[in-house]
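Please look through the sequence and the structure below before reading the notes that follow.

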Amino acid sequence: MASTLEKFIHSLDPRALPRVLQIQSGIYFQGSIYEMFGNECCLSTGEVIKVTGFKINKLIASICENNEDSQFSAKVELPLNFPGLYKVVADKTPYISIEEITRKVAIGSTRFGHPCFYSSEDIKLANLTIKQGEQINFNSVEEVNGTMAVNCGVVRNNQTLSFTLPLSQEGKFYECEDDQIYTLKEIAEWKIPRCRNRIVKLSNTLHTWDSSNPLPDNFDGCLILTPVYEVQAVMKFRKDIVHILSDLDVEVKDITDCYDISSFLQPLSLEDVFERTSKEFPMVAEVMEGPLGRQKPYNLLHIGKEIVIYKKYQATRVLASEIRSDSPKRHFLIPMTYKGKFKRRPREFPTAYDLEIARSEREQLHVVATKAFDSPHTELFSVSVGDQFLVQQRQTSEVLYEGRKKVIDVLACEQILSDTYKEVLLPMYMEGGFVEVIHDKKQYQLSEICKEFRLPFNVKVSVRDLSIKEDVLAAVPGLQLEEEITDSYLLISSASSPVESWEIPVYRLNMSVHLLSKDVQAVLPPMTKTTVEEISEEEYYMVRRFENQTLHPPPRPPKKPAALAPKPVSAVSKQVISDVLQATKNFCVDTTKKSCANQAADVSELQVSCQNDLVHHDNVKDMTGKPTLVEAAVIKGLTNNPLGKWESEKEQEEEHSYEYVDENIIENIRKVFQDTTTRNKDILSEDRRDI
């Protein structure tokens, strides 16, 4: 039975792909297909296509001036990157079975993919009864004892009870209210059910949009979102992949069951190729959809290009970020074969605990304090801005605590005075600020840095890689080498002129190929060329999230005595905030008043480094992951949690101070905020037990 393309795609289950469609009617030219604005937009009657995938391209928003029950006044088109943060309005129409929920609602491994529903009646299981109206968290869909089921959970008495519900479970299931906020892109990917619209309410406006704002001024109503999909398809007699918008005025018929689907070319993503067994390599492939980019080898991978894929493997890269705070940072993945040389740059340490982590047997760590700290114990040292220290070792010390002695962790240091040294003890929980003084003038290869030092590590390129025509790292004033990661790559070369081979990333390159039944002339690849890969902000956070899942968690910061726990941000006065920020900015002035005995580093070089790295220190994230005061203001805008009287006064002065924040940065801020809150609660609770 024929239906519109829009209706078919809206009801299509992605798990049922690929599907073969025949065009029943539509608008077309004699050329069968022509292209407009980068999308295939006309198909002729009788044309046969194989749909291989689809994704939301944009949203059509119906404007409701007051609430979701009012009449909508107009429709506007919103791109997925349209700024703003939105709250999802719960769908009032029930789902009649668990199977319907799994077909229409996105359920995945991220926190966005854990929808919540409640049943209008009690659900009696073998060893548990789910009460009417009780919130059920849907976590994943799996096969359990030969039956497809959903792994669920309910929270009772602060404990999560896990259970499964078969897809055959029937009833009336209603969506729970969601108090979280989302970007439009997050809503499009996770929060729009299939065959249903989604009502959202604008929570916070982010006032940076280059084009004219399609929403009414001071809009405070709801939006009914209808997705428009971009359909990826393969034509019967074409080698490239076509892209069709789902709102095209075309009727289609699903003929998959009566058509030889193998007669189409089979497009493979790089992930599909990587899943092939090692015995199948090398192979010859033709590019069906190539990546964008001017740098080799991306500019060689155009549509129709034949390539040889020699092998798949895992390779090590060093994740590095540009050191700057006045604009968005650039991020790079540097191969271990990079032939340039680096010189060290000063590192910053927000706490004494970070000094202990960075301490090494190779050399003594020399730092300058950028933040004052008044010790509450006479046994421990009070730090002034500009004090210089040589870090010794971690140890314990007895301090007088509420009239009795208590043993705490401390960091033993030598304070550098004008003509002597003084042994001092710093509490490990000290939240101060330090910058490293560099005495080492040696130039290092990347492999030497990873072997001899602990990452993160600050460097700048002193000798560029002469094997690269344009070394992008050489123009960067400073780099922080953050961590070593392991990523998946394919080794390829041109089939016609295999002069050199290239490594291409599997999970960061949007590229499709189809395999050719040709023999590979040379089994061994030619000389391999590696490149420094510049990645986007989104790719940067994806790489870090992916990598962090396989790493052990970092060592837990030391406990701080409960009586010394920091005051909440709401209790911090405007004067204190001003003093802290001013002390940081005055660092370079104050440090000139101190001298270092036997200091090999030049004072003027230290001042230049400080000016470059620390003038904007108030805008840089605390390396422990704890939000700075500036970030706290951003978090306030994202969570609607008040941060005190001073912040509310500041908000009145700058009523429209919100800025557009990339969804990955929002994700990071949310994670930092939640992790920091949880960590502080754990530390305080353990301290109470110790006392």
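A residue is called buried when its relative accessible area is under 20%, exposed when that value is over 50%, and partly exposed in between. Glutamate 363 has a relative accessible area of 25%, and therefore this residue counts as partly exposed. Please keep in mind that the model discussed here is predicted.

- Phenylalanine 173 is part of strand 15, which covers residues 170-175.
- The relative accessibility of phenylalanine 173 is 0%, and so this residue counts as buried.
- When residues up to four places away in sequence are not counted, phenylalanine 173 touches Pro94, Tyr95, Ser97, Ile98, Ile101, Phe117, Tyr118, Ser119 and Ile123.
- Lysine 92 and phenylalanine 173 are separated by 81 residues in sequence, while their C-alpha atoms lie 9.9 Å apart in space.

**The salt bridge of glutamate 363 and arginine 344**

- The structure holds 22 salt bridges, and in one of them glutamate 363 pairs with arginine 344, with 2.6 Å between the closest N and O atoms.
- This pair links distant parts of the chain, since glutamate 363 sits in the loop between helix 5 (352-358) and strand 26 (366-369), whereas arginine 344 belongs to strand 24 (residues 341-344), 19 residues apart.
- Arginine 344 has 8% relative accessibility and therefore counts as buried, whereas glutamate 363, at 25%, is partly exposed.

**The salt bridge of arginine 508 and aspartate 487**

- The side chains of arginine 508 and aspartate 487 meet in a salt bridge, with an N to O distance of 2.1 Å.

**The salt bridge of arginine 324 and glutamate 322**

- Arginine 324 and glutamate 322 meet through their side chains in a salt bridge, at 3.2 Å from N to O.
- Arginine 324 is partly exposed, with a relative accessible area of 34%, whereas glutamate 322 is buried, with a relative accessible area of 4%.

How values were computed
Residues are numbered from 1 along each chain as its sequence is written. This is a predicted model: local features need pLDDT of at least 70, side-chain atom pairs count only at pLDDT 80 or more; totals for chains, interfaces and linings use all residues. Side-chain values use heavy atoms; hydrogens and water are left out. Helices (H or I, at least four residues) and strands (E, at least two) are DSSP runs, numbered from the N terminus. Buried means under 20% relative accessible area, exposed over 50%, partly exposed in between (1.4 Å probe, protein chains only). Contact means heavy atoms within 4.5 Å. A salt bridge is a side-chain nitrogen of Lys or Arg within 4 Å of a carboxyl oxygen of Asp or Glu.
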